[in-house]
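Hello,

Here is the structure I promised to pass on. Please open it alongside this message; my notes follow below.

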Amino acid sequence: MRTKKRKCENQEIKMNNNKNAYPEEFVKEYNKAKAKIDTLQRCTKCVLPETFPFISFDQDGVCNFCNHYKSKAPLGMDALHALLDRNKEPDGSVKCVLSFSGGRDSSYGMHIVKKVLGLDVIAFTYDWGVATDIADRNQRRMCEKLEVEQIRISADLDRKRENIKANLIAWLKKPDLGTIPILTSVGQQFFYHANRVGKRLDRDLIVLCATPFEHTYFKAGFAGIKPRFMSSKRAIYDNLKLAFSYLGKYIKNPAYINKSLIDTFGGYLSFYIIPHNYLRLFDYLEWNEQDVNRTLLEEYDWETSDETPSTWRIDDGTVPLSDYMYYMMSGLTINDTFRSNQIREGRISREEALSLLEVENQPRFNAIQWYCDKIGIDFKSTIRTINNAPRLYDAPRLYESAGL
Ligand SMILES: [Zn+2]
């Protein structure tokens, strides 16, 4: 088992990985795209570019996402303890199920619930066929060191990968920013299984460890859903609108009507419809990137990726491909929204964010190749199709006429 130590301070970044290993044409195409993306207008406060769906800028160049932003202070330890007290067993213990992918936040979450809060925790992992090898090894590390029992539910992995492949082939026939989330749709049964595990173990408390900085509007935005800054009252309406948007895309591209359909629909129900009564740990507790990285790397010898200095999202094999799609077609990835949220919360400066994005948005071709091999699709033709897909930064008028 290879372990790699890395500096915790994410500001200290180096240009990542050995690009010479990648086909020259891909490096050239990426550099060509990047040169254009670097010229996009960006919000003067955060780093969101003009290709972000439904973005507008005021006279100072500040975007509507910044102007409508409401700071999300954590609810605090007292509020968390009050909630935990309500879940106390007669013997004083608090039993929970931790949703655990082996990624950065759930690994840190395991440290918090077990070591800091002292909860009686069982980890739950849903394997749907594209978790990275690093994720598997980090799961083992964390569970062994913290002596946490882990329950893994594996889907029929061959069938899942076949379904992902069918959806990816359909997407490649008509590349569309609005349907990129289709790649992860068959993995969303996670919530259904998490609820079942909680019931079976008689543990009502299910802990999720996503951070508030992850909140992003662009995935739904590219499917035509306008951001609602003021309230979430129309969430049901938006979910229905999203479903109809997908239906429209399916009709225009019948390749989506494939054997994965029931699986995809199950993912939709699990994500949008079934109850999600979870304890979201970082709604209560402060999440500080430096502390998270330091804890994982120093206390748990947590493994990182060769291809990126970021510790985030190296557990899910889909991410390098979907990031590449978003970047090449729109000039942004989820890293842009994550760093923008950090800027709005005063965690990093705009300059730091821009310098981090220089590296974080670089393609991870080795990881994309791994993913393509895993689901049985040709890596080079996949990249070529993405490289030939329409680009928002090349044709802003097309973008406007699409109503975004
Ligand atoms: Zn902004």
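**What was found**

Of the 404 residues in the protein chain, 39% are buried. Please keep in mind that this is a predicted model. The secondary structure of the chain comes to 19 helices and 5 strands. Among contacts with a separation of 6 or more, 77% join residues 24 or more positions apart.

**The sheet**

Start with the strands. There is an open sheet of 5 strands, paired in parallel, in the order S3-S2-S1-S4-S5. Strand S3 (149-154) and strand S5 (279-280) are the edge strands, and each pairs on one side only. Strands of a sheet pair through backbone hydrogen bonds, either parallel or antiparallel. S1 and strand S2 (residues 120-127) show the parallel sense, over 5 bridges. Within S2, Ala 123 stands opposite Leu 98.

**Phe 100**

Ala 123 turns up again here. Where does Phe 100 sit? It is in the loop between strand S1 (95-99) and helix H4 (104-116). Is Phe 100 buried or exposed? It has 28 C-beta neighbours inside 10 Å, so it counts as buried; the threshold is 20 or more.

Which residues does Phe 100 touch, leaving aside neighbours within four places in sequence? The contacts are Ser 106, Met 110, Ala 123, Phe 124, Thr 125, Gln 139 and Gln 150.

H4 lies across S1, S2 and strand S4 (205-208). Relative to S1, H4 runs at about 165 degrees.

H4 also packs against helix H5 (residues 133-146), at an angle of about 10 degrees and with the axes 10 Å apart. That angle is under 35 degrees, so H4 is roughly parallel to H5. H4 contributes Ser 107, Met 110, His 111, Lys 114 and Lys 115 to the contact, while H5 contributes Asn 138, Met 142 and Leu 146. By class, the contact of H4 with H5 has 3 nonpolar, 3 polar and 2 charged residues.

First, helix H14 (residues 319-330) and helix H17 (residues 365-375). Their axes are 8 Å apart, at an angle of about 115 degrees. The crossing of H14 past H17 is left-handed. From H14, the contact takes Pro 320, Leu 321 and Tyr 324; from H17, Ala 367, Ile 368 and Tyr 371. What classes do these residues fall into? The contact of H14 with H17 has 6 nonpolar residues, no polar and no charged.

Next, helix H15 (residues 334-344) and helix H16 (residues 350-360). They pack at an angle of about 160 degrees, with axes 10 Å apart. The cut-off is over 145 degrees, so H15 and H16 are roughly antiparallel to each other. H15 passes H16 in a right-handed crossing. On the H15 side, the contact is made by Asn 335, Asp 336, Arg 339, Gln 342 and Ile 343. On the H16 side are Arg 350, Ala 353, Leu 356, Leu 357 and Glu 360. This contact of H15 with H16 divides into 4 nonpolar, 2 polar and 4 charged residues.

Best regards

Note on methods
Residues numbered from 1 in each chain as written. Predicted model: local features only at pLDDT ≥ 70, side-chain atom pairs only at ≥ 80, totals over all residues. Helix = DSSP H or I, 4+ residues; strand = E, 2+ residues; numbered from the N terminus. Buried ≥ 20, exposed ≤ 12 C-beta atoms within 10 Å, placed from the backbone. Contact = placed C-beta atoms within 7 Å. Axes fitted to C-alpha atoms, helices over the stretch in contact; angles between N-to-C directions. Parallel < 35°, antiparallel > 145°, perpendicular 65-115°, else oblique. Left-handed = near helix turned anticlockwise from the far one by under 90°. Nonpolar A, V, L, I, M, F, W, Y, C, P; charged D, E, K, R; others polar. Pairing = 2+ DSSP bridges.
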